[in-house]
Amino acid sequence: MIFFNEKERVFKLDTPNTTYMIGIVDKENFVGHIYYGKSLRDIDAAYLMRTEEPPFIPSKNNRERCSFYDCFPFEYPTSGVGDYREGGIGIRTAAGHVGSMLSYISYEIIDGKPELKGLPATFGTEKECMTLKLVCEDKYVGMQVELLYTVFEDVDVITRSVRITNIGQEYFYLTRVNSACIDMDNKDFDMVSLHGSWARERHIQRKTLGYGIHNVSSFRGESSHQDHPFLALVDKNTTQENGEIYAMNFVYSGNFRAQAEVTQFDSVRMTMGIHPENFCWKLECGESFQAPEVVMVYTDKGFDAMTNTFHKLYRNHLIRGVYKNKKRPILINNWEATYFAFDTEKLLSIAKEASALGIEMLVMDDGWFGKRNLDNCALGDWIVNEEKIRGGLKYLVHEVNKLGMKFGIWFEPEMISPDSDLYRAHPDWAIAIPGRPGTESRQQFVLDLSRQEVVDCIYEQVASVLRSANIEYVKWDMNRQLTDIGSYGLPVDRQGELYHRYVLAVYQMQDRLTKEFPHLLLENCSGGGARFDPGMLYFSPQIWCSDDTDAIERLEIQEGTALIYPLSTMGAHVSDCPNHAVGRVTPFDTRGIVALAGTFGYELDVTKIPQEDRDKIPGQVAMYHKYNDLVREGDYYRIASYAQNHKYDCWQVVGANQKQSLVTFVQVLSRVNFKSIRICLKGLNPDMRYRVVFENDDNIADKVYTGDMLMKAGLLVPVLWGDFQARLISLTNLE
Ligand code: DGJ
């Protein structure tokens, strides 16, 4: 719900368990942040803005206007006139000046949630959400800023975004646009973020928030392997089950910066938005700029609660398409099986074996087009190589379909190889600084998607392949980050728009693709998981998590990813051993159990793996079918973290009515002469009795316990013989 109290000039936004309050202050109508936290009953909280304390509001003390600007809790700060903290917005006028300050003008409360033009965003019906639009202006710049807040009724989330319009007589530039800002008192916070690298994505990092500026960011042109567009400020004592968390997640797939600034007065300014590096957007008179959306979650119930809030929001209000709440086909991808060395016969031999084992879809990865037998050519030439795909694509797909399997295909539409017909014809279609040799990465350049003719040409190529055969899945890859930021197509004064225009074009292409081929299962990917973000999830219900498919490495990657994203979104495959990324050998069972926590599939040459491994596939397929509804839609709880305890990992999912639950336990290195491990479960009904079955261990007898016992006293997982052992433990309510 959203209320406006005209007398107090206070806006109150309520989700089921949280309240957010905004106040209008002084004759100049400054917009102040009052409160964000646990639900409040009353509205008279404006005193929290401390306007009765020195340096006082300008109408009472204009002598210290600058000091006021530098400590007032602004709802959406500006810069250049006295607030020295991170600004929400940065501008440069036609005359080259940078100062601005916003005053409140009007408001509107709207049922539902307006779309954000050209951008992915959360959505909801008029019954599910309500939006507050606060209109502010800087009359000197000629700038109108609309602050948008959407309150979800069924989940404790408020989303924010900003729309800026030039209402003046002259153009100006936007040099910084944050989408959200919260100014609050510092509570001795820790900062939690997700950090990584290629094959090591989204490891959880927690550190003390001292004075000064702390941020995570990417200006690599994508949300990146390295940092993630997520930031949480958490109480020092916050645990999985208890404690306060203020979290922000950016619905955007390009450059971002998420920042916490602890000030001289022990306040914290938490901001999130497009990274200002090389960002400069020209706004002509009458033009608007729509900033991407930030999802804000507050809880006082620890990480499990935060996680389930994000999961619920993304499952119900972000992910779309036919696979939104559906089981995905179990796929086998030929990448780690063959790399570039495949042809029709090889693919069909994999498909034949796979279909007999219960696998439901064959995905043909990189290498089927142009002359691509290595990663050094042909990106941009999306023409089937019939020397490899003998008989043509239609024939291959038909043969795969005859086996009762679906067929999927890989593209990397945003790229161009210097050795490609496309590059030879259009060298100016690559992103480049004119006159300067471009920096190659994986021997490829990035296409300049700010040019509509480039977008149209690539889209048509991709679409005509998809139109040519019964293709039911696309893996959309992106294997390098952006450098040499320059466009042959953009005028001088719009070169600073390239990064954002690039992201908008990716969205436009995926929007067209999903509209023209609504039945497609789209899986995004970026050199593993470099673009695993809510922006991409709006278009594809699943994203490849990491090129590291080793089950043990995956524990930390999947823990970090699942901190925010539902398990249904995490691309996870069983691969061959020794693992191609780390050389580790793990039991086939463990590889299956870890992959079952994601979308589940295989990435190995099923005709070559040991017979004893192959024999296990039908059992794993059965486990997938038995438990995927629960894994996909259930509440997720972190029971133990290998990243923290360095011994074992454990997570649990619980079905909506608490009648069913699945616990995954992975012992990493085995230890000698120890007792069983006691794990306390979560989310069960204390009054229900559950049958506890170790699905993949006949030596452990079934037991029956109450939820109360399992949650308070715990379950014993016996000592497991050998390294890298995993157990899948199911709990079923006894009626
Ligand atoms: C990177 C992806 O993450 C891999 O799965 C594979 O598709 C390769 N690209 C292909 O080039």
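Predicted model: local features only at pLDDT ≥ 70, side-chain atom pairs only at ≥ 80, totals over all residues.
Local features need pLDDT of at least 70, side-chain atom pairs count only at pLDDT 80 or more, and totals for chains, interfaces and linings use all residues. Residues are numbered from 1 along each chain as its sequence is written, and side-chain values use heavy atoms, with hydrogens and water left out.

The protein chain is assigned three domains: domain 1 (2-317), domain 2 (331-633) and domain 3 (638-733). These bounds come from an automatic or database domain assignment. The C-alpha centres of domain 1 and domain 2 are 35 Å apart.

The size of an interface is often given as the accessible area lost when the parts come together. Domain 1 and domain 2 bury about 4,000 Å² between them (accessible area, 1.4 Å probe, that two parts lose on being put together, summed over both). Carbon and sulfur atoms give 55% of this area. Of the area that domain 1 buries against domain 2, Arg202, Trp281 and Arg315 supply 16%, more than any other three residues. In contact (heavy atoms within 4.5 Å) are 50 residues of domain 1 and 45 residues of domain 2.

Polar contacts are pairs of N or O atoms within 3.5 Å; within protein, one must be able to donate a hydrogen and the other to accept it, and residues adjacent in sequence count only if both atoms are side-chain atoms. Asp493 and Lys282 form a salt bridge through their side chains, at 2.5 Å from N to O.

The ligand is surrounded by 13 residues (a heavy atom within 4 Å). The closest are Asp365, Asp366, Lys475, Asp477 and Asp547. A ligand oxygen lies 2.4 Å from a side-chain N or O atom of Asp547. For Lys475, the distance from a ligand oxygen to a side-chain N or O atom is 2.7 Å.

Note on methods
Salt bridge = Lys/Arg side-chain N within 4 Å of Asp/Glu carboxyl O.
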